[in-house]
Amino acid sequence: MNSRPDAPPDDVPPDDPLDDRYADFVGLLARHDQAVRRFVRALLPTGDGVDDVMQETALECWRKYDRFCDTATEVDGEFTRWACVIARYKTLSWQRDRARDRLVFRESVIEQLAASAELRLDRGDQEREAIERCLDQLPADQRRLLLSVHSPGESVARIASETGQRARKLYSVVQSLRKLLLRCVESRLASESSHG
Amino acid sequence: MADRLKNVIFQTLQRTVSRADFDWLQDRLETDDAARQTYLTAVHISEHLDQQAVDAPGKPRPSDAPGADVMSTPLAIGRHAGGSTLVSRWVLVGVVANIIALAGITWYARTHDAPSRTERGSVSLDDAVATSPAPDASSSFAAGDTDTTTERLIAGHATLRRAIDIRWPKGNSGLHEGDVLTNGTLRFDSGVAEIDFFCGATLIVEGPAELNLESDWSAEVFLGRLRANVPPVARGFTVKAADAQIVDQGTEFALQVTPDAACVEVLRGQVEIRSTDTPARQLRTGQRHWLKGSASSASDFHDLATNDDVQRRRHNAQSDRLADWQNHIRQLRRDERLIALYTADAIDRFAESSDDSLRLMFNQVGAPDERDGVLVGPVERVSGRFGNESEGLDFSRTGARVRTRTDGQYGAFTFACWARIDGLDHVYNALFLADGYENGEPHWQIDQDGRLLFSVMVDDTPGTGLGGHPQARFHHLYKTRPFWNDSNRNQWFHLVAVYDPPNRRVTQYVNGDIVGDEVIQPKFHVQDLRIGPAEIGNWGQPLRNSPWFAVRNLNGQIDELAIYDAALDANEIQSLYQQGKPLGY
């Protein structure tokens, strides 16, 4: 599956493109793609494999879509949760294939994380808002530094060499900003959940 | 721990995590729901940052608008501008300078909180901190706690290799042998210090002395007598005195500085004397030159300490200290509160120098043979904290351990030991761990961040622990602030944990100073303390069905460990440290 809603997955059996069912499915995917992707991303620490797993998940969802529609009472509302269950198994099988790689969680960790992540599925927007609020609180220059190391192809080492800073020092600065941000988001979420 | 978790999470997301840390993270994620929540939030943040960096390069945010950094051009992020320089250089330099001030403060706070002697005596550091502006980041969020640098920094120009009979000025707790010396003033009233500069030059300085360490390559002397030994690699090493520079050409020279006179003599080789008002002059073996004052005020250099003298004086002083310590042990072991006093030395038990006794750590309490510790696995006998004439035990190889058994029921604990740490290799590094860690049993260890951890099991029923893991049991780790970092290798530390249920307090000490003090909450209160089978330097019987962190051998040495059935007070701890400290402390 592709993360762009306007690009139908290449490998999905074409059937009849005009088939309503297929159109519904694509629409559902488009709406819930982000949530499922975030769920998968959380289980794959480096982000490697997210696209593979998403594609596998989409295919599998399409294969089982009929059965899902038959049992679901509220298709749109239950889609994310259902897709995440599939994504969880796809992640596990991806992990099994790559278990010898360095940064792949073992199965038991994926299981535990998936369980925790499922409980948070509904809080995606709330979390996004918390992150944005906290980012806004950072002074502009610090936010820029933080974002700059997240740019594609960019790295702390490169910025360090461009600015004549020691990479290790810069790295620890970025690291401290991330932790600051994390603490802010955590406390914001905590206070929100304790106030209902 | 929380800080480490965050560090490791971000390192993982950044792919810079070590295998050991990644495994540690997996264990945390598997057992600790709070850790999972933190991880999930961090992933979300990281993803959000990725997305923002790509989606909105340079897009001004509301808070960027008027007032905030008017002159700065928005950062061109991403590769939209034809791959040109991504970051406007001056903006970033400003940011970094700003935040480094923050990192510096935290670093300062850490090193000065901890009793590690690494960065003592640095004048400039204090000044720098006093004039640093308040960092922005710390005021950005209400939480405000600015835990920053994760790296271990060792800053300095020289090490104090040997220190003999040194008297430090009042109000200054002084330096230890092996300490790294930063730039700033070094002052002592008497005794001899041997200072190795990182460039390779060595100064043997006799007190009273006052000098300013300027860099790896230079020092200024205001007062004192010294001998400088400069090997060829350190050619160019400079000593300043009385407005002149003595630039060494690879040699040995002596210098004496008093309030009215300064005299230099070349003992071997050649030096160059430079000053602002006279032309440079060369000085060769045997030649003497007054930088200030005259012949009448200068003394003879013949009695100046040599390297051999330092060596000999040190050896004698060490033998004296060892003898004092052994006498002290004889008194100590009469203390009725002592449960056990393990020593690597067989004090007063020389008769049993059989092979068997080589496999014992001697318990000086009770009848001989009873309750001695047994060396198991690759424990090695090495020099103890009083040098070659004393003995210590090395636990650096996995599986090295001393097994002990202590029956009975106790009302309080004081654990005290002398340990030398070569590295904190494991998540938990053992000092003294009860086998099963069952109800009322103690665990005493050091974590990877250099903090002391003391804990007593409250409820060993699986599933009672915090975090809801089916194997988790109920206890609390009492942690100190960090006391050890890489610069402290080769140094002996006196470590103490006092567990005091009647007064509901856990107090921990390093070298006589308090590094942690925490109230025992009612839910963690344990009245009946036990030890049973236990190990020094390792953990014999980890939790059942839980293989994690089972490798806990201390990468280091222990030469003495005492256990009291009482809560010793701060004065008693200070006295234990003073009586037991090795030479050069």
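I began with B:Cys417. At 1% relative accessibility, B:Cys417 counts as buried. I note here that I am working on a predicted model.

**Cysteines of chain A**

I then looked up A:Cys61. This residue is buried as well, because its relative accessibility is 2% and the cut-off for buried is under 20%. A disulfide needs the two sulfur atoms within 2.5 Å.

Next I asked how many disulfides there are over all chains. I got a count of one. The pair is A:Cys134 and A:Cys184, with sulfur atoms 2.0 Å apart. Where do the two partners sit in chain A? I placed A:Cys134 in helix α5, residues 124-137 of chain A. I placed A:Cys184 in helix α8, residues 167-194 of chain A. The partners are 50 residues apart, and the pair links distant parts of the chain.

I also looked up the handedness of this link. The angle about the S-S bond is -85 degrees, and the link of A:Cys134 and A:Cys184 is left-handed. Are the two cysteines buried or exposed? I found both A:Cys134 and A:Cys184 buried.

**Chain B as a whole**

I turned to the make-up of chain B. I listed nine helices and 30 strands in its secondary structure. Chain B has 585 residues, and 54% of them count as buried. I took the accessible surface next. For chain B it comes to about 24100 Å². Carbon and sulfur atoms hold 49% of that surface.

I then looked at contacts along the sequence. I kept those in chain B with a separation of 6 or more. Of these, 59% are between residues 24 or more positions apart.

**Helices α1 and α2 of chain B**

My last entry is a helix pair. Helix α1 of chain B spans residues 2-13, and helix α2 of chain B spans residues 19-31. Their axes come within 10 Å and cross at roughly 115 degrees. I have the crossing of α1(B) and α2(B) as left-handed.

Which residues make the contact? From α1(B) I noted B:Arg4, B:Leu5, B:Val8, B:Ile9, B:Gln11 and B:Thr12. From α2(B) I noted B:Asp21, B:Phe22, B:Trp24, B:Leu25 and B:Arg28. I sorted the contact of α1(B) with α2(B) by class: six residues are nonpolar, two polar and three charged.

Conventions: Residues numbered from 1 in each chain as written. Chains lettered and ligands numbered in written order. Predicted model: local features only at pLDDT ≥ 70, side-chain atom pairs only at ≥ 80, totals over all residues. Heavy atoms only, no water. Helix = DSSP H or I, 4+ residues; strand = E, 2+ residues; numbered from the N terminus. Buried < 20%, exposed > 50% of the residue type's maximum accessible area, 1.4 Å probe, protein only. Contact = heavy atoms within 4.5 Å. Areas by Shrake-Rupley, 256 points an atom, 1.4 Å probe, with all protein chains shown as cover. Axes fitted to C-alpha atoms, helices over the stretch in contact; angles between N-to-C directions. Left-handed = near helix turned anticlockwise from the far one by under 90°. Nonpolar A, V, L, I, M, F, W, Y, C, P; charged D, E, K, R; others polar.
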